[in-house]
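Here is my note on the model you sent.

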Amino acid sequence: MDYVVRMKDITKRFPRVVANDRVNLNIKEGEIHALVGENGAGKSTLMNVLYGLTRPDGGEVCVRGDVLPASTGFLGLDYGIGMIHQHFMLIGQFTALENIILGAEPRLGPMLDMRKARDRVQNLMDEYGIEVDLDRRIDALSVGEEQRVEILRVLYRDAHIIIMDEPTAVLTPQETRSLFSTLKMLTQSGRTVVFITHKLEEVMAMADTVTVMRAGSMIGTMPISETDVAGLAEMMVGRRIEDMPERDADITYEHILKIEDVSLRSAKGQQLLTGISLEVHAGEIFGICGVDGNGQDELFEVLIGLRRPTQGRVIFLERDITHDPTSRRLKAGMAHIPPDRIRMGLVGDFTVRENLILGRHTDGRFSGRVFLKARAVAESADSLVRDFEIEPPVPEMQAGLLSGGNQQKVIAARELSRDPELLIASQPTRGLDIGAARMIHDLIVRQADSGQSVFLISADLSEVMKLADRIGVMYRGAIVGVVERTEATEENLGLMMAGAKA
Amino acid sequence: MMMTRSRLAGFVPPLISLLLAAAVSAVVILALGEDPLNIGRVMFSGSLGSLRSIANTLEEATPLIFTGLCVAVAMKCGLFNIGGEGQLVVGAFAAAWVGVKLTGLDPVSHVVICIAVAGMAGAMWALIAGVLKARFGAHEVINTIMLNYVAFIVTNYLVNLAYFKKPGQIPQTEDVAGTALLPRLDFIYTYTRLNLGFILAVLAVIVVFLILERSKLGFEIRSVGLNPLASRASGISVVSNTIIAMAIGGFLAGLGGAERVLGVHKHFISPFPFGYGFAGIAVALLGRNKPFGVLLAAIFFGALASGGAQVDMETRVPRELVTVIQAIVIIFVACEYLVTKMGIRIRGVATSE
Ligand SMILES: Nc1ncnc2c1ncn2[C@@H]1O[C@H](COP(=O)(O)OP(=O)(O)O)[C@@H](O)[C@H]1O
Ligand SMILES: [Mg+2]
């Protein structure tokens, strides 16, 4: 069998971890090859090695039989390899076309030959059915469009092997589907695609071959026909993941949270939220889904009291809290998991123990009039670290040094130990691996099953569909529709996420 | 285990900075044609070599402990208080005012009242910058610097009023009443100017430590200093903690002013000896914003000052050299501080992928 890429015994060490430990990877010409693994498994590192961005400590990379030079830096592009990183690398002030040709501009004497450039890009767009407004500035494009610009950028450079690092993390279901049809066309024209993901359904739907990595090591490569989602999950995590228990929903009609016609305008006059009204009942998980950046963060901040709405009211437990400061909301029985745990959820330079009482430090359990009760603080931290399986179980450790999943557990431990009437969780499992995400999901479900409520904001559609009893879709600062879980499909939610009315 | 190791390791970088500073200073002294070893010996005997020198060192250190704490508390809240200078002067004037004008009190209450008023005056002065920052976002660096000038000018104006001015050419107040004087610690050395204010400074170190590390307030101040957004999201008020941290700092600097007036000069004079406030920044930097670190750093700077005086007397090396050495120390400490900060940043960025 002929492999277009052979990576042999690739080893890459970083100061504290071995990111790739004698990894072998073979990729066939013309296939879609999925690379899966939990966060930190070493997927990005392996692809950076292939692309020539990272120099491995050992091993060798062959492309079409050529051994790539390990000593000197090279760029994958010289060997027909193009890479689209997790975070796009485009220049916001330039137009799409300028970004595509940047660094490979056709010249006409000393001048740019824009006409020739545009023709070539247009041809590529026609060939692969990619739609982008070439004259718009990157700033003005959606994430999906930016991604298409990135794809055109590597195609323009004649890449035959295209690597995409977590391309679907930021897309709506429809955008994902259109991306996949583009990828299919690319392989039909003989190109090879490697994409990284941790969404296993996508792998099963799209890939020809899948490779699983765990903790820096290669677990295996197999054709898609020989595996399934459960099997892949087990290989990724290293143990069986049980199915979620059924919700035992006992929702009453008593409302815990009521949002009445809330609007928010920024200081510059930009309309961030428009006329949002909804109710969350006792025992209910109310989900909000939507593509990132459609007002979810602003709604979160209004609910926890970091911003005052310019119009409308927020009622919590029958009391108008629109103008209450955050501290009073927390005392009244609110708790929250913020979307950006490092900036908003934790004090990175504080110890885990200190973070576990952040905002709870005024509680009589943890402090007197002046001083903190060191003993009580330590005992509570010890038990939370144990109950929430925070790794490493060292309360004196700086929270900023924990992995993302464990940071999130610290936040969840702190917030749920308030025994809140309402948990407002925003993107609670973003960037977490399966194990940690599963734990957070269980906690959310348990919160609702005990008769309290959850307001769950997430860009991850499958998460919302799995957990929420009712789902509201946000688009451009407004709720475009609310559907019962039983009526929700990827299709109708996805359409609403793109702005279609329910 | 991890704790003690990192705590010890915390001492290493400042020590390395000090050694490097010493080496560079030696080169400078050599370049001046002097023998660094000899200068070192004189510095040592002038700062720590006898009870007299030790008393001098501690006397020089006393106001620096207060101003160092002033900077450190603000820094813990993420604020750069450069106003120790002005806050100290305002405190000094207030102490002189109450010390001169209030009479007929017993020594204990008089001293306590003078000190309390001086602290309050410093706190009020700092509060101006604190409120401007917390309410309007006006940058505290600019405000505190400006308020330093204002403090010098206002006290100069006041001390020249007939109500305050001692008759004569010099713009100074009368000496404070005997009941307002801080007793000298002359059991250490007869002619020392070291006074009870030093004990007060050490107490202040302990109190500040307890506030920052053990109290609810300190927890909030540190939290706001490290991550204001996460603090707000947890219901901690950035506004009030900013104001309180500035006020505590001003209070401490004000105490420093009281110590100078009630323990050393006995009166307020304009312009008031300056430099304590700015040296406090270096002290806080060297002491890594930790109360006991500030204590050690202030004593170190005090030793440089008293040793420098000795160098001035005994050798042909000008006293200014000591200022140069101080500057070199500050530069190295600041570099080290920047490098460790940046080191963390660089690592932070690298692992965030
Ligand atoms: N530049 C770097 N410096 C230090 N450690 C790194 C660096 N890049 C990645 N790592 C570490 O290597 C491991 C693998 O990372 P990565 O390849 O990004 O994983 P994945 O893409 O599978 O989530 C992680 O533990 C990560 O922290
Ligand atoms: Mg990655």
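1. Ligand shell. Ligand 1 is surrounded by 15 residues, counting a residue as near a molecule or strand if its C-beta atom, placed from the backbone, lies within 6 Å of it. The closest are A:Phe14, A:Ala19, A:Lys43, A:Ser44 and A:Thr45. The shell draws on chains A and B, so the site is shared between chains.

2. Basis. This is a predicted model, in which local features need pLDDT of at least 70, side-chain atom pairs count only at pLDDT 80 or more, and totals for chains, interfaces and linings use all residues. Residues are numbered from 1 along each chain as its sequence is written, with chains lettered from A and ligands numbered from 1 in the order in which they are written.

3. Who supplies the shell. Helix H1 (43-51) of chain A and helix H13 (320-351) of chain B each give at least two residues to the shell around ligand 1. H1(A) provides the largest share, three residues. Helices (H or I, at least four residues) and strands (E, at least two) are DSSP runs, numbered from the N terminus.

4. Ala, Val, Leu, Ile, Met, Phe, Trp, Tyr, Cys and Pro count as nonpolar, Asp, Glu, Lys and Arg as charged, and the others, Gly among them, as polar.

5. Chain contacts. In chain A, 25 residues are in contact with 17 residues of chain B (C-beta atoms, placed from the backbone, within 7 Å). On the chain A side, helix H9 (326-331) and helix H10 (341-345) each supply at least two residues. That side divides into 13 nonpolar, nine polar and three charged residues.

6. Chain A overall. Chain A has 16 helices and 22 strands. Its C-alpha trace spans about 75 × 45 × 45 Å along the principal axes.

7. Helix H4(A). Which residues of H4(A) are buried? They are A:Gln147, A:Arg148, A:Val149, A:Glu150, A:Ile151, A:Leu152, A:Arg153, A:Val154 and A:Leu155. Their cover includes strand S6 (81-84), helix H2 (96-101), helix H3 (114-128), strand S9 (161-165) and helix H5 (173-188) of chain A. Just after H4(A), A:Asp158 has a positive phi of about 65 degrees.

Terms used: Contact = placed C-beta atoms within 7 Å. Buried ≥ 20, exposed ≤ 12 C-beta atoms within 10 Å, placed from the backbone.
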